[in-house]
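Dear colleague,

I am passing on the structure below for your files, and my notes on it follow. Please have it open while you read.

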Amino acid sequence: MVKMTESRWRTRALLAMLVIVAVAAAAVYYPIAVRAIRRATWEGRVSKGMALARQREEAKEDAYDARFSGVNSDRGPGVALSFDDWEVDGWHRFFTRHDIRRLNARVTFYISHPYRLTEQQFAKLKELEALGHEIGYHGYKHRFASRYVQNSGTEKYLADEIEPGMRILEEHGFEPRTFAYPGGLRAPEVDKVLLERFSIVRGTSYIAPEEEAPARKHYCTISADERGKRMVWAYNIDVPLNAGAMSYVLSRVELASKRRRIAVLYGHNITDDKGYWGTVDESDPRYECTQWHEDVKAILEFAHDRGMRFYTMAELE
Ligand SMILES: [Zn+2]
C-alpha cells in the first residue's frame, strides 16, 4: 500500500517536471519558432516580390529594346552596324586598319549622292565589299521620303530618288539589296514599294512617331511567324546625338547579347578628329554627323569579345 502511494507520487512528480520542462522549453523556443516562421514567409514574400520586380524590369527592357535596338535572332546574338551617306574615305581608312580587320567585323555602307563619288572612291567601296561589307543604297540626293511623297507622289519619288542613284551604283558593279531612309523620314506607302525592290528597308528608331513605334512584331526577324517583316529600325550612334553616352550604346549591345538578339545601330562619317563632333549645319562644308574611331572600335571590340556575330543588313532577312 505504502509502495503504491510512493510510486504514484513519483509518477506525479515526474509528470509535473515534464510539464515544467515542456512549458519552459515552449517559453524559450516559441518566440524563436515564431520568428523563424515569420522570417521564412517574409523572405518568401521578399523573394517573390523581387522576382516580380525583376520580371517587370525585364518586360520594360524588352519594350525598350524593341524600340531602340534589336531584332530577334535564332542565328545567334549579334550587331548589325551601318554607316550612311558618302564619307567613303573615312570608312575605308578605318575598316582597312590592321587592328580593325583583326575583329572580322562586317558592316553596311549606305550610299547617298553617288554622283559625287570619284572613281577612286568607287574602288575603295569595291575593296570594302571584298572584305565582306555590304554596299546599300541611301538615295540619289538624300531627299526625305515623307516630304517628297507628300508633295510629288510615290511615282515621282521613285523616279527622282531611287532610280538614278541605283543606276550609277549598278554601272559601277554594285547591286544594293537594302535601303536606308534618309533622315529616317519614311512614308508607309513607300515602304511597300521599296520592299518590292529591296530585301530590307531601314528606318531609325528615334524618329518613328509613337504610334509607329516598332513593336517587336514589326522587326525583320527570322522566327517563323515573323518572317517577311522586313522593316528594320536602327539606333543612332553619332557623337552629336550620343555625346558621352557610348556606355549606353554598349549597354544596348550587351542587352542584345544577353537576349540573343541583334542590335541594329547606325552612324555616319568615321573620323579620328576629336575636335570635330560633326555638324548638322548644311552651310558648313564639313556638314555631316560623325563618330570617332575609338567609339566605333569600342563597339566592334565589345561585340567581338562576347562572341557576337556581325551581320550586314541584307543578312537580317
Ligand atoms: Zn543620310
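**Notes on the model**

At a relative accessibility of 3%, Asp-85 counts as buried, where buried means under 20% relative accessible area, exposed means over 50%, and partly exposed lies in between (1.4 Å probe, protein chains only). This is a predicted model, in which local features need a pLDDT of at least 70 and side-chain atom pairs count only at pLDDT 80 or more, whereas totals for chains, interfaces and linings use all residues. Residues are numbered from 1 along each chain as its sequence is written, and side-chain values use heavy atoms, with hydrogens and water left out.

Asp-85 (OD) is also a ligand of the zinc ion, together with His-138 (NE2) and His-142 (NE2), at 2.0 to 2.1 Å; donors here are N, O and S atoms within 2.8 Å of the metal (3.2 Å for Na, K and Ca), and sites may look incomplete because water is not among the atoms. Along the chain, the donors of the zinc ion have the spacing D-x52-H-x3-H.

Of the 317 residues in the protein chain, 45% are buried.

Helix H7 (residues 188–197) has Val-190, Asp-191, Leu-194 and Leu-195 as its buried residues. Because they cover an arc of only 135° around the axis, they lie on the same side of H7, the arc being that of the directions from the helix axis to the C-beta atoms. The exposed residues Lys-192 and Glu-196 are carried on the face of H7 turned away from that buried side. Among the elements that cover the buried residues of H7 are H5, helix H6 (154–171) and strand E6 (200–204).

The whole structure holds 13 salt bridges, each defined as a side-chain nitrogen of Lys or Arg within 4 Å of a carboxyl oxygen of Asp or Glu. One of them joins Arg-202 to Asp-84, with the closest N and O atoms 2.7 Å apart; Arg-202 lies in strand E6 and Asp-84 in strand E2, 118 residues apart, which links distant parts of the chain. Both Arg-202 and Asp-84 are buried. Another salt bridge is formed by the side chains of Arg-106 and Glu-315 (2.6 Å, N to O). Since Arg-106 is in the loop between helix H3 (98–101) and strand E3 (108–111) and Glu-315 is in the segment after strand E12 (309–311), this pair ties together parts that are 209 residues apart in sequence.

On confidence, the chain averages a pLDDT of 79, and 72% of the residues score at least 70, pLDDT being the predictor's confidence in each residue, from 0 to 100. Over residues 207–228 the pLDDT is below 50, although this stretch has 61 contacts in the model beyond near neighbours in sequence, a contact meaning heavy atoms within 4.5 Å. Where pLDDT is low, the predicted coordinates should not be read in detail.

Definitions and conventions: Helices (H or I, at least four residues) and strands (E, at least two) are DSSP runs, numbered from the N terminus.
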